Amino acid sequence: MTTQPARRPRDRKAQILAAAMECLQRSGYRTTGMEDIATAVGRSVSGLYRHSRCTQELLGQALLSSSY
């Protein structure tokens with residue numbers, strides 16, 4: 001029996017941004033690290049770095065994509 005490789009969800013970026021905002025709101029920018037965000041979204045830190053270079057970039061992306 002062969003198994004199919006796991007596919008990444010289509011809304012992965014939205015999941016990451018939502019987790020980033022949650023972590024940033026809860027702990028603040030200065031104390032939130034990529035490790036915290038990766039844990040919240042259920043990814044490895046190296047996997048998270050494939051989507052964003054740093055916490056600051058995630059914050060900017062999350063703010064730009066929000067409907068405030």
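Guide: Let us begin with a single side chain, keeping in mind that this is a predicted model. Gln-15 has a relative accessibility of 31% and therefore counts as partly exposed, since buried would need under 20% and exposed over 50%.

Visitor: Where does Gln-15 lie, and with what is Gln-15 in contact once its neighbours within four places in sequence are left aside?

Guide: Gln-15 lies in helix α1, and with those neighbours set aside it is in contact with Pro-9 and Val-41. The C-alpha atoms of Gln-15 and Val-41 are separated by 6.7 Å, although the two residues are 26 residues apart along the chain.

Visitor: What makes α1 oblique to α2?

Guide: The axes of helix α1 (residues 12-27) and helix α2 (residues 34-41) cross at roughly 125° and come within 9 Å. That angle makes α1 oblique to α2, because the range for roughly perpendicular is 65 to 115 degrees and roughly antiparallel begins over 145. The crossing in which α1 passes α2 is right-handed.

Visitor: Which residues of α1 and α2 meet, and how do they divide into nonpolar, polar and charged?

Guide: From α1 come Gln-15, Ile-16, Ala-19, Ala-20 and Cys-23, which meet Asp-36, Ile-37, Ala-40 and Val-41 of α2. The residues of this contact of α1 with α2 divide into seven nonpolar, one polar and one charged.

Visitor: Why are α1 and α4 called roughly perpendicular?

Guide: The axes of α1 and α4 cross at roughly 105° and come within 9 Å. An angle from 65 to 115 degrees counts as roughly perpendicular, and α1 and α4 therefore receive that description. In this contact Lys-13, Ile-16, Leu-17, Ala-20, Met-21 and Leu-24 of α1 meet Thr-55, Leu-58, Leu-59, Gln-61, Ala-62, Leu-63 and Ser-65 of α4. The residues of the contact of α1 with α4 divide into nine nonpolar, three polar and one charged.

Visitor: How do you know whether Lys-13 counts as buried, partly exposed or exposed?

Guide: The relative accessibility of Lys-13 is 43%, so this residue counts as partly exposed, the limits being under 20% for buried and over 50% for exposed. Lys-13 has its place in helix α1 and, leaving aside its neighbours within four places in sequence, is in contact with His-51 and Gln-61. Between the C-alpha atoms of Lys-13 and His-51, which are 38 residues apart along the chain, the separation is 7.5 Å.

Visitor: What makes you say that the buried residues of α4 line one face of the helix?

Guide: In helix α4 (residues 55-65) the buried residues are Thr-55, Leu-58 and Ala-62. Seen down the axis of α4, these buried residues fall within an arc of 60°, so they line one face of the helix. On the other side of α4, Gln-56 and Leu-64 are exposed, while the buried residues of α4 pack against α1, α2 and α3 (45-49).

Visitor: And what puts the buried residues of α2 on the same side?

Guide: The residues in question are Met-34, Ile-37, Ala-38 and Val-41, which are buried in α2. They cover an arc of only 100° around the axis, and therefore they are on the same side of α2. What covers these buried residues of α2 includes α1, α3 and α4. After α2 comes Gly-42, whose phi is positive, near 75°.

Key: Residues numbered from 1 in each chain as written. Predicted model: local features only at pLDDT ≥ 70, side-chain atom pairs only at ≥ 80, totals over all residues. Heavy atoms only, no water. Axes fitted to C-alpha atoms, helices over the stretch in contact; angles between N-to-C directions. Helix = DSSP H or I, 4+ residues; strand = E, 2+ residues; numbered from the N terminus. Parallel < 35°, antiparallel > 145°, perpendicular 65-115°, else oblique. Left-handed = near helix turned anticlockwise from the far one by under 90°. Contact = heavy atoms within 4.5 Å. Nonpolar A, V, L, I, M, F, W, Y, C, P; charged D, E, K, R; others polar. Buried < 20%, exposed > 50% of the residue type's maximum accessible area, 1.4 Å probe, protein only. Arc of directions from axis to C-beta.
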